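Biologist: I would like to learn how to read a few features of a protein model. Please take them one at a time.

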Amino acid sequence: MGNGFEIAKTIAAFSGAGIGLVNLVWSLIKEFKVGCKVNIISHEIKSENEGKYIIKIDFQISASNKDLYIQEIKLKNHFSPFTSNSYELSIDKIYDYFDDKKLFNKSYSEIEDLLSKRKNTLLNSYKISKGEYKRLSIVVGFLSNRAMDGFDDIPSKGYELKLQINDKVYRQYFNFDISKNSDISCFLEPQPLLSKKEKRIINKMKKEAELHTKKLYKLFGIE
């Protein structure tokens with residue numbers, strides 16, 4: 001049992017460095033192929049009360065040798081559903097980049113009111129001209145999945161920003177930074193994803209434990 005969990009701990013320890021390396025390699029490959037570079041600048045999330053969250057993701061994108069069109073943006077979590085029993089959240093509009101250090105000091109309704117007054121662009125083939133460099137912001141609020149006993153908590157880790165640009169998909173992997181004034185109890189701490197070998201080890205141990213329990217029940221006449 002120790003081996004499987006030790007391996008899982010090792011995976012968790014290196015996950016932060018791994019995310020950065022994967023993003024870098026993926027970005028370089030895509031830029032080389034189609035002249036597009038995408039990079040996340042910051043990623044923050046705030047929980048206000050049960051089931052209510054708001055996120056801000058700032059990213060930059062450059063078009064080196066052709067016009068680019070952002071056709072679709074989705075935020076995906078790889079650990080568990082985080083909204084409406086779905087692993088994905090569709091983004092329908094983006095803002096020109098703005099740096100507001102005090103944004104998440106405001107309430108959910110105050111942020112919504114602030115955003116209603118800020119110019120935004122509906123995400124419908126958003127164009128970045130050849131040679132142009134853009135810094136953009138995604139700000140969106142959502143409710144987590146509602147279960148029988150209330151709203152589910154969501155993970156702060158294991159996210160993927162998927163951008164469809166010129167019919168190609170660009171991926172950026174990251175973990176959210178939780179806003180200082182958030183209720184930390186509204187977030188799950190996901191377990192590291194296990195390899196097939198680790199799953200086999202754990203399943204084998206579970207079966208052995210179940211068999212041992214059955215033998216004890218039989219020994220003491222328990223049905």
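Modeller: Start with burial: buried means under 20% relative accessible area, exposed over 50%, and partly exposed in between, with a 1.4 Å probe and protein chains only. I55 has a relative accessible area of 0%, so I55 is buried. This is a predicted model, in which local features need pLDDT of at least 70, side-chain atom pairs count only at pLDDT 80 or more, and totals for chains, interfaces and linings use all residues. Residues are numbered from 1 along each chain as its sequence is written, and side-chain values use heavy atoms, with hydrogens and water left out.

Biologist: Which strand holds I55, and which residues is I55 in contact with?

Modeller: Strands (E, at least two residues) are DSSP runs, numbered from the N terminus. I55 lies in β2. Contact means heavy atoms within 4.5 Å. Leaving aside neighbours within four places in sequence, the contacts of I55 include E44, L75, F104 and V140. V140 is 85 residues from I55 along the chain, yet their C-alpha atoms are separated by 5.6 Å.

Biologist: How many residues are in the largest nonpolar core?

Modeller: A nonpolar core is a set of buried Ala, Val, Leu, Ile, Met, Phe, Trp, Tyr and Cys residues joined through side-chain atoms within 4.5 Å. The largest one here has 35 residues, and I73 and L75 have the most contacts inside it. Strand β2 gives the most to this core, six residues. Another core, of nine residues, lies apart from it, and F98, I111, L115 and V139 are among its members.

Biologist: What lines the second largest pocket?

Modeller: On a 1 Å grid over the protein atoms alone, a pocket is an open set of points where a 1.4 Å probe fits, with protein on both sides within 12 Å along at least five of seven lines; lining residues have an atom within 4 Å of a point. The second largest pocket is lined by 18 residues, and E44, D99, D100, K101 and F104 lie nearest its centre. Strand β1 supplies the largest share of that lining, four residues.

Biologist: Is N145 buried or exposed, and where does N145 lie?

Modeller: N145 is buried, because its relative accessibility is 14%. N145 lies in the loop between β8 (133–143) and β9 (146–147). The side chain of N145 reaches the backbone nitrogen of N85 at 2.9 Å. Not counting residues up to four places away in sequence, N145 also touches F82, G150 and D152, among others.

How values were computed: A polar contact is a pair of N or O atoms within 3.5 Å; within protein, one must be able to donate a hydrogen and the other to accept it, and residues adjacent in sequence count only if both atoms are side-chain atoms.
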